[in-house]
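Okay, thanks for coming, everyone.

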Amino acid sequence: MYNNLRFIPEFSIDELESIQLKGLQWTLNHAYKGCMAYRDKLDQAGFSPGDFKTLSDIVKLPFTDVEDLRLGYPLPLLSVPQEDIVRIHASSGTTGKRKILAYTQNDINTWKNMMARCFELADLTPMDRVQIAVGYGLWTAGAGFQLGCEHFGAMALPLGPGNLDFQLQFLTDLKPTCICSTASMALLLSEQVVKMGLEDQIALKKIIFGAEPHTPKMRQTIEKTLNLEHSFDIPGMTEVYGPGTGLECLKHQGMHYWADIFILEIIDPLTLQPVPAGETGEMVITTLCKEGVPLIRYRTRDLCRILTESCPCGIKMPRHDRILGRSDDMIIFRGVNIYPGQIAEILEEFNDISSEYQINLNRQKGLDFMKISVERKVNASSDNDEKLAQRISARIRSKIMVRTEIVLADPGKLPRSMGKSRRVIDERNNT
Ligand code: ADP
Ligand code: ZN
């Protein structure tokens, strides 16, 4: 399926384990020497870097989390002298204070390679033209895609997010074959292409979308509307360089991740113990060669599971499933814990509605209420709205035990986003 890989290395399990062990030992020494906060953390855990003898020792290491980044603001967990830092990036700040991460030149090179591997997995060639429609500047997204695209040898069209007219003009004039954007932006673009009747004037074959969870329905809609050959989910986060910690392969059965660059553990967020192989839990990441801000058992708060079987595409790098969402996204509604992804999954079952939904929470007379707005599918009649709303509501009640009010909207009526969509609007503390 893949021939002559230029960027993705092939390791046997033994080779990979040896790279991971050496990388972990290096990281521990490096962080201990270079960063007071890490030294204190390891000392408190009674762990000195020399104690680390086998990979299974990883469970003895203390965790790092977003609080460690916050405490060290503005340059948290910096582990090299400042003169070695060549760049900073910051997270988009979806949840709380912005995280600022610092990069050495080697870190930038590692990231560049990771991203080039992603383009290789997406099976691009130097003939491809890649429209990069994600945020540039402080954010990692634009910088990461561009670094990787140029290193891979394809042509980067660095448009950034927003400005639909401009995006459409480039789509028709320069005929990019691939777009990198959020799924929300891709949906908006696809709707716009149809509205303007540009289907025959574009040459798009692939979309790489990341930064937010998306449902299979959303993806199918985009693929069908734009007549794509493939679309790929790309995971990543600012703490671990940026986008490109892995990518789906052409088989689309989960995402291969770069296990020679970081170790991925999945833990139970309550007990903090590793979950049994293949079960869902919180992703915890330990970097193996990151210099500026190494991560030791960093709790990402993202929920996911490792796929344990080998992939039919033949690539040996391990895989994880799509990211289900963040543990911070959990809604506590009348005492029930709910993830927006669970609701999205139920909505997937209904063919008469589109992929778009919005959850509104408010409080009346001390009681919580949940309204879920969904869109009727294009060309579907509104005559059945009432019955459909009842069916959806009943299904949600039976699956997650909560009462909801379902409101059907005309196609295209829910807000569209050029970045990450906001699916939950919680006004319970304002009422
Ligand atoms: P933040 O949004 O926390 O400010 P980032 O801009 O670095 O920080 O975004 C990283 C986060 O975005 C991840 O931790 C994850 O929650 C989410 N994310 C990134 N890629 C994906 C993806 N492919 N699927 C689902 N969620 C994703
Ligand atoms: Zn594969």
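**A surface spot, a sheet and a zinc site**

Let's start with Ile88, which is partly exposed because its relative accessible area is 35%; buried means under 20%, exposed means over 50%, and partly exposed is in between, with a 1.4 Å probe and protein chains only.

Before I go on: this is a predicted model, where local features need pLDDT of at least 70 and side-chain atom pairs count only at pLDDT 80 or more, while totals for chains, interfaces and linings use all residues. Residues are numbered from 1 along each chain as its sequence is written, chains are lettered from A and ligands numbered from 1 in the order in which they are written, and side-chain values use heavy atoms, with hydrogens and water left out.

Back to Ile88, which sits in strand E1 (residues 85-90). Strands here are DSSP runs of at least two residues, numbered from the N terminus. Together with Leu75 and Leu138, Ile88 makes a nonpolar surface patch of about 210 Å².

Now the sheet. Four strands form an open, antiparallel sheet in the order E12-E13-E14-E17. Its edge strands are E12 (262-267) and E17, each pairing on one side only; to count as a pair, two strands need at least two DSSP bridges between them.

So what about E14 (residues 298-304)? It's largely enclosed by the rest of the structure, because 6 of its 7 residues are buried. E14 pairs with strand E13 (residues 281-287) in the antiparallel sense over 4 bridges. Among the bridge partners, Glu282 goes with Leu303, and Gly281 goes with Cys304. E14 is also joined to strand E17 (residues 325-326) by 2 bridges, again antiparallel, and there Asp302 has Arg326 as its partner.

Last stop, the metal. Which residues hold the zinc ion (ligand 2)? The protein donors are Cys249 (SG), His256 (NE2), Cys311 (SG) and Cys313 (SG), lying 2.1 to 2.3 Å from the zinc. A donor is an N, O or S atom within 2.8 Å of the metal (3.2 Å for Na, K and Ca), and with water not among the atoms, sites may look incomplete. Along the chain, the spacing is C-x6-H-x54-C-x1-C. His256 in strand E11 (residues 255-257) and Cys313 in the loop between strands E15 (306-307) and E16 (319-320) are 57 residues apart, so that pair links distant parts of the chain.

Technical notes
Patch = residues over 30% accessible without salt bridge, like charges linked within 9 Å, V, L, I, M, F, W, Y side chains within 5 Å. Areas by Shrake-Rupley, 256 points an atom, 1.4 Å probe, with all protein chains shown as cover. Salt bridge = Lys/Arg side-chain N within 4 Å of Asp/Glu carboxyl O.
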